[in-house]
Structure formats: C-alpha cells, structure tokens
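This report describes selected side-chain and helix contacts in one protein model. Please consult the sequence and the structure displayed below while reading.

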Amino acid sequence: MTTLSMCAKIYDKKELVGYFVMNEEVTKLYPTDEDLFKSFPSTVPVVTFREETASSEPNAKAIGKEIFNEGEYLDGQIIPWGKLDKLRQNENLHRVESSSSVLDRFVNRYNQWPIIILASVTLSLLAIFLDWSSTWLNDIKYGYCSTDVFKVRSACEPSSWKLYGGNHRGMAKSFADLVIVLICTVVLSFLGLMISSANSWIVKSGISELMAIIAGAVNNDFLNWSIILKKYVSLIFIVACGGLLLGYEGPLIHISCGVINFFLNFLSGQFHIFNNLNNEVVRREFLSIGFVIGISLAFGAPIGGLLFSLEKLKLGKRFHMLMWNGFVCSTIATFIFFKVHPFKKITINKAFTVDLANGYVLLELIPYLFVGLICGFLSLAFNSLQLRLTEFRKSSKCFSDSKAIQYLLDHPIAEITLLATITTTILYPLKFSDLTMNDLLVTLFHDCTDPNKSNNNSQSVCTAKHETLELIYYLVVIFIQSNLAYTLDIPGGILLPSLVIGGLIGRIIGRIVELFQIHLGSDIFAQCFQEKRNCVSPGSYAIVGAASFFAGVTNTSVAAVVIVFEITGAVTYLIPLMMGVVVAKSIVELFDSRGFYEMWLSKTHKNYLAPETVESLKLSPFSDVAISGALKESKNRIVYYDELIQIKEFIKKLDQIIEDNNFEKELINNDGFVVLQSVHNRSLVGFVDYASIDRLVRLNGHSDSTLISFSSPESEVNNTAVLNLSRYMKSRKELFIVNSRYPLLSTYDLMEKMLVTNLFVCEDTTDGEKFRGVLRISDLTDYIRG
C-alpha cells in the first residue's frame, strides 16, 4: 500500500500557528475525531499527536495487555478513551476475521446483550422491592391495612386503613401518635446511618462520581458489590424514615451501575464467550447503560432517563451506542417494573388529557412563564445553599467556635437524630406530612375538583384548611432540610426533592391564579364565569414548576420536560411545560451554567472540566490568553534521557511529586516526569507517568546503588545494576504537543473533550525541540478557577 503523506501549513491573521501532519502512522486528530471537531471551525490551531504502530495487523495479545487488566489503572487516573476505543475496534476486527464460523461471529458481535438484559430484569425487581419496602415502612408508622398488613396505604381501601388507637381525636392521642412516629423515624434513620458508615462511597447519590468514572476517572472501589449491597439496604431505611426528605432516585443509579458491573465482572470471568467484554471500554458502555436504567426506573420514564443520561454524561462519539442499547434496556426494565409492581401502574391523570373543554387560557402563559422564572432563581439558590452548607461543614470540622456544632459534627448519630426529630415534629401538624414524597407529588399534580385525585382523599393536599399557607410552610422546610440532609454521611438524592419543591412552587402560584380567576378574573376568564366553573388548574402549574425547578437544579432541558411528561401524561400542558423549562434553564445559564452535579464535581474532583464552562470562557479574558500564560514551573518533573540517576535521588523526585500534589491521589496518579534529551538539548523525548513506575521503583527491593535509566538497554554499568524504565515511557509520538501560542480556550476544549491529562508545549511541535513546559489538567482547572 502506498503511504499517503500530507503536510499543510495553517495560518491565522498574524502568524504561523503550526504544522499539521497526516499519514498512516499519525492520528488525524482534528479532521476525524467527532469528540473534538464539532465545536471547531474548519481552520483550527494545530496539535501534533502520533501513535507508533509496529504492524498494521492488530495483535490480540498486545491489545489484551493494554485494555483487559482493570487493576493496571490506579484510583484517580484518567483513562485515555480515544486510544482504548481504537484498540478495542482493532481487537474486535481481529476476532471477527479469525472466527471460523458464523456462530462465532454472531457471539462476538452480540454477546453483550445477555448481560445487559439480565441486569435490566434484576434491577427492575430490586427497584420494586426498594419502592415497596421504603413506602411500607413509612406507612406503618401511622397505621396498617386491616385486609393485608403488607399493603401500602395507597393500595389499601380507605375503609380498611386503620390508625393506631382508632380514629379518636384529642391532644393525648395526637401526642401519642407523634411519639410513635418519632421513635420509628429515629430508629430507621439510625439503622441507615450505621450501615452507610461502613464506607464513604455509600453516602450521597453517587451521580457525580459516576459522571466522573464514565468520563474517564478511575475509582476501583466505587462499584464494589459489597458497597452496592450496603447502600441498597441503607437507602431503604433512610427513605422510609421520612424525617430527612431525601429521595432514592440518585442512589438507585449508583446501584444500577453497580449491579451491571457485577454481572459484567462475573460472567466475563466465568464464561469464555464473554471474555472479550472484560475491558475498560466495554465497562464504560455498560455503566452508561446502567445509568440509563437507573434513572428510568427511578421515575418510570424510559425516554426521559435516556435523554437525562445523554445530557449529563460525557460519551463522545459513543453516544450512538447508548441511544439503542440504553433505550432497549430501559424499556425492558420499566415494563417489568410496572407490570410486576404491587401498587404502581401506568395511569394518566384525567386532568391532563387532550380535551377542548380542558385547555388553558392564552393569557395564562404569563403566570406559567413566571413559574419558570421563580423556579430558575430558586434553583440557583438551592444549589448555592448546598455548596455553602458543604463548605461550612468542612470548615467547622476543623475550626468551630461553637461547641454544639462541633459536637454534632463529631457525633453523626446525634446529628441525624436531631435533624430527623426536628423535621418530623415541625411538619407533623400538616395534613399531608405523613405522605411519602412520591405520594405528595401525585397530590400536587391533581386538582381538588378532580374525583380521581387520589386513592385516599384524606391524604390529599386539598383537605388542608389553609392550603396555600401550608404549602408555603412545607416549601420552606423541604428547601432547607433536604439540603441539610444531603450534607450528612447517608445515601440519598435530590432529584425527587427538586421535583417536589418545583411542584410546591407551581401549586402555590396556581392557587393564587385560581383565586384571582374566582374573584377578579371576570374579563379574562369570561367563559368560566358564564359556565360557573374554574378554568385554572393548580395541578398544571405544579407540573410546570416541577419540570422547571428540576431543569434548573440539574441544568437539563429536554430531559426535564420528557421526564415530567412521562410521569403525568400532561399532553394538554406540554407547551407551558416547555416554556417554563426554557425560562428556568435560561436563568441558570445566565448566572451559573453548572448544574448541581457539575458543581459537586468541580468541588470534589481537581481534574474535572465542565463542558458548560467553554461558552462562558469565550466571553471572558481567557479567550485571548495563550497556553504559555498558564504554564507552571516544571523543573522538579524533568529527567534526562542520556543521564543515569541514583535510585535514592529518583525516589526523592517521586516524593516531591506527592508533596507538590498535596498528597491527593487524583493529582498524583496523573502526574509524572518529562523526559528531555539532555541538560543542553531540551528536546522532548517522552513522558513517564507516576502510576506506571512508583511501585516498580519502591517495592522491588532494589539496592541503594541501583541506577535509573530511560535509555540504556544494559543491565549493568560498571558493575552497577541499572533499572531501565524506557519501556514505561510514552514516546514523543504518543503525546499531545502544541506551541506556546496555542490558545488557552482551545486547550480547555481539547482537554475536556479528549480527556488529555498533560499537554506538552514545544516551539517545534514536530520534533519536540525547545521544550517550554507541560500543562496538566489540574493546572488548567486551578488557573480557570483562580
């Protein structure tokens, strides 16, 4: 085959930017990579990135060594998906070509389906038990179903539901009921805390961590089956206690990914036909599918779950895979969930069916937009409050003048007991305080004039004497308390609370508009006055509010609309629903483009680059800054190709990397040494990452006289042992190299989309001459945030 080579010079208005070289052995980075090229114009600055290929034929053994061993990646490392995707494609091609029968080829192509379908069925059953057990434990605090003690209240006939002590009323009875509820709440929260304290990865929702893992960050413990099992059990108690106002939707996604990861590990290790699935690229695809299944089961919304995953996950050019596999698996899981679930069925609220007599007045679009506006601002406040509480908690653990606060932070049992007790007590007088958040959301979506508003009218929001005031009261409590509960070391999510908060906001505004229609709206609602009926549907405002607040908190758009639409079937109000979400998301984009989980990632992951930040950077001074302006001193990370280093000195350099990175694994395991030709010839030769050589140098019992070499193939030099690390060095052809004038904005885009952890700056990008420095992904995040 004739080698095709092309060299093109690319200029900007002022100066030469660089050279772009393409041939069979050079990765055509910008023209071919879908991840990166979408956001660039046809003329772009140049990045040199080459890969050495020893042969045009894929070597299955070498490929397996590269991508099959999960343990070769350390915690915090970022996996180079682009390289592994290419290796997997070569390996699959090799398997297909070497297969001797049609059956073998069929198995190699479709052997992932048994695993993901098995996981889908298993997860639907786990979700059913989670929903039933948490709801039943919550209901049993207040009473029981006389016909079937294991029935939840919403599935029990109103006449069969029995309260403890009968239906007697009085202060003594109310006080006794409150004591029973408090004891049950404290016990359940205590059990949940005890189980979750076993491991730090059990706490919170886990969505932020999963987003980081799917984006490339390695976390070898997060999906361990024992952690998933403990989180599942702990979550049942936390949700059932009712005094913490957290949902199970976020943690269910973590559990879903853990289950699918378990099946992948088990089956690929036990059965030969699944061996080719035991690699990190396939694991990433399976975890993405697990993410879709989890969110779909959480809300019973397969399409919304798929769209939510596409909006939140960094999938690059692999999103086509998720579109089909994720859709099929979420459909299977949701179908089984509703068919097998003892008390949840697919029903559509009759208030929202398409009907000429059941529409909305055109001028109502104004209050619908107002709902979106309020939800947008309050979602910003919600996210900001969470960050402030987290910072306060973190700082108070070390520096707190209050002995009470210090005591609570040092004693989690006392803290969770106090929070659950206070919440339960202050909400107990409300008629609907005994509802689970799922049931409360249902009542918010129904109008009081609707005869199908709930299975048990005594639970409805409509029975409240002062509905609007009680809704405002509950809104304030859940807004603050769900944020406080999320800072605790327990599993729980904010997706369902965000829907409830939005539903409360919309319902309150809907009630105000309804009162206006009844008393002052004779001109605007003339037809309603003539027919002596109410035109305004407070439930429709609750739907718009739920979707708008959810969109604002999570910074999603289409996913928020579709999830709420699938929950309610509100076809009639689809336009107001979309308009409210547009307004809410516009507010978030205007003031802070990050969602709740992106804010958590920015706070907890030093190497996380938010994709939304690119747009804001274009309007900032960073758009005119070159990469040279963000470079840090790198002399501690430089070694020379033609020099030998004593092992003692080299270990000191390793220790210096640990110290420079503040002992943080996430930063250390993505750091390393730049290999230059010599002290006088600063040409880039290659790069050795810390994770590859640390254990080799420290733990193999080398003598103090051992020398470290990056070039010498000899085993001894002057009777002194030489440890050759050249095979652990990435050559210059495998590195991303730019010149010092490369724009910082393009650098951000490159690192965010291609997950490049280190970008090397040389004046000559082809031969690596005149090395200027290396920009790490953590340096870029510090520079942007600073």
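## Aromatic pairs

In this predicted model, a search of the whole structure finds 26 aromatic pairs, that is, rings of Phe, Tyr and Trp (its six-membered ring) whose centres lie within 6.5 Å, with planes under 30 degrees apart counted as stacked, over 60 as edge-to-face and the rest as tilted. The ring planes of W201 and F222 stand at 90° with the centres 5.6 Å apart, so this pair is edge-to-face. W201 belongs to the loop between α7 (171–196) and α8 (207–215), and F222 to the loop between α8 and α9 (225–241), so the pair ties together parts that are 21 residues apart in sequence. Helices (H or I, at least four residues) and strands (E, at least two) are DSSP runs, numbered from the N terminus. W201 is partly exposed at a relative accessible area of 29%, whereas F222 is buried at 1%; buried means under 20% relative accessible area, exposed over 50%, and partly exposed in between (1.4 Å probe, protein chains only).

F382 and F549 also form an edge-to-face pair, with ring centres 5.7 Å apart and planes at 80°. Because F382 lies in helix α14 (residues 365–398) and F549 in helix α21, this pair ties together parts that are 167 residues apart in sequence. F382 is buried at 0% relative accessibility, and F549 is buried at 0%. An aromatic cluster is formed by F382, F479, Y486, F549, F596, Y597 and W600.

## Packing of α21 and α22

Helix α21 (residues 538–554) packs against helix α22 (residues 558–568) at an angle of about 145°, the axes being 9 Å apart. Axes are lines fitted to C-alpha atoms, for helices over the stretch in contact, and angles run from 0 to 180 degrees between N-to-C directions. On the α21 side, I543, A546, A547, F550 and A551 make the contact, and on the α22 side A560, I563, V564 and T568, where contact means heavy atoms within 4.5 Å.

## The disulfide

C145 and C156 form a disulfide with their sulfur atoms 2.2 Å apart, the criterion being a pair of cysteine sulfur atoms within 2.5 Å. The S-S torsion is about 80°, so the disulfide is right-handed. Both C145 and C156 are buried.

## Basis of the values

Residues are numbered from 1 along each chain as its sequence is written, and side-chain values use heavy atoms, with hydrogens and water left out. Local features need pLDDT of at least 70 and side-chain atom pairs count only at pLDDT 80 or more, while totals for chains, interfaces and linings use all residues.
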